[in-house]
Amino acid sequence: MAANLVVPSDITILEAKTKVGKRRLRLLERTGLLCTAPMLHIHYSKMDRGDMRAVLTKRYDPEDTSELVDILKRRQASVSKQVVSKNFMWGTAGTMTGLVWWSFRRYNYQSRLVALPFVFYGGTFVGRVLGDIITGRNAEYARDRFLGQLPAKIYYAPPAES
């Protein structure tokens, strides 16, 4: 049985070829990456925290107007919106949980503990919607969102021999 070989995807190779330096991460991007949950890669169909950081830290030539650099900048902007919206997701969930804790201040702790997990879970959905609206991710074109979700690594598939 052959072992699976993980290689960079096509878009990752293009990013490495066209970058001209390192870009500093903004504050909300840094905290959004910290708020991103770890990922177990089974099929390498999504980007994990390290892959997102790698996309966000690449700088491209601002004077280059080629289609390739435009695609890579759109991918970077989409990943940035995705990462920044994580801050609002967890912040809203925490705020809603804190407000429920405060509104149940006259009740015993058992009633608080029953309500908190459900409100926190619901708060992540409300926060995801709020984060998408605040970052402008809900108005993003589908092709830009698709570019932002392309995986950075894939399994190597050798060409079929005929």
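**Pocket and helix packing**

Mentor: Helices α4 and α5 (109-135) each supply at least two residues of the lining of the largest pocket; helices here are DSSP runs (H or I, at least four residues), numbered from the N terminus. This is a predicted model, in which local features need pLDDT of at least 70 and side-chain atom pairs count only at pLDDT 80 or more, while totals for chains, interfaces and linings use all residues. Residues are numbered from 1 along each chain as its sequence is written, and side-chain values use heavy atoms, with hydrogens and water left out.

Trainee: Which element gives the largest share of the lining of the largest pocket?
Mentor: A pocket is an open set of points on a 1 Å grid over the protein atoms alone, where a 1.4 Å probe fits, with protein on both sides within 12 Å along at least five of seven lines; lining residues have an atom within 4 Å of a point. Among the 17 lining residues, those closest to the centre of the largest pocket are Met39, Lys46, Met52, Gln82 and Lys86. The largest share, four residues, comes from α4.

Trainee: How do α2 and α4 lie relative to each other?
Mentor: The axes, lines fitted to C-alpha atoms over the stretch in contact, have angles from 0 to 180 degrees between N-to-C directions. Those of α2 (residues 27-34) and α4 come within 7 Å and cross at roughly 70 degrees. Because 65 to 115 degrees counts as roughly perpendicular, α2 is to α4 roughly perpendicular.

Trainee: Which residues of α3 meet α4?
Mentor: The axes of α3 (residues 49-56) and α4 (residues 67-103) come within 9 Å and cross at roughly 130 degrees, so the two helices are oblique. Contact means heavy atoms within 4.5 Å. On the α4 side are Arg75, Gln76, Val79, Ser80, Gln82 and Val83; on the α3 side are Met52, Val55 and Leu56.

Trainee: Which residues of α4 meet α1?
Mentor: The axes of α1 (residues 10-18) and α4 come within 11 Å and cross at roughly 110 degrees, and the two helices are therefore roughly perpendicular. From α1, the contact uses Ile11, Leu14, Glu15 and Thr18; from α4, it uses Leu68, Ile71, Leu72 and Arg75.

Conventions: Parallel < 35°, antiparallel > 145°, perpendicular 65-115°, else oblique.
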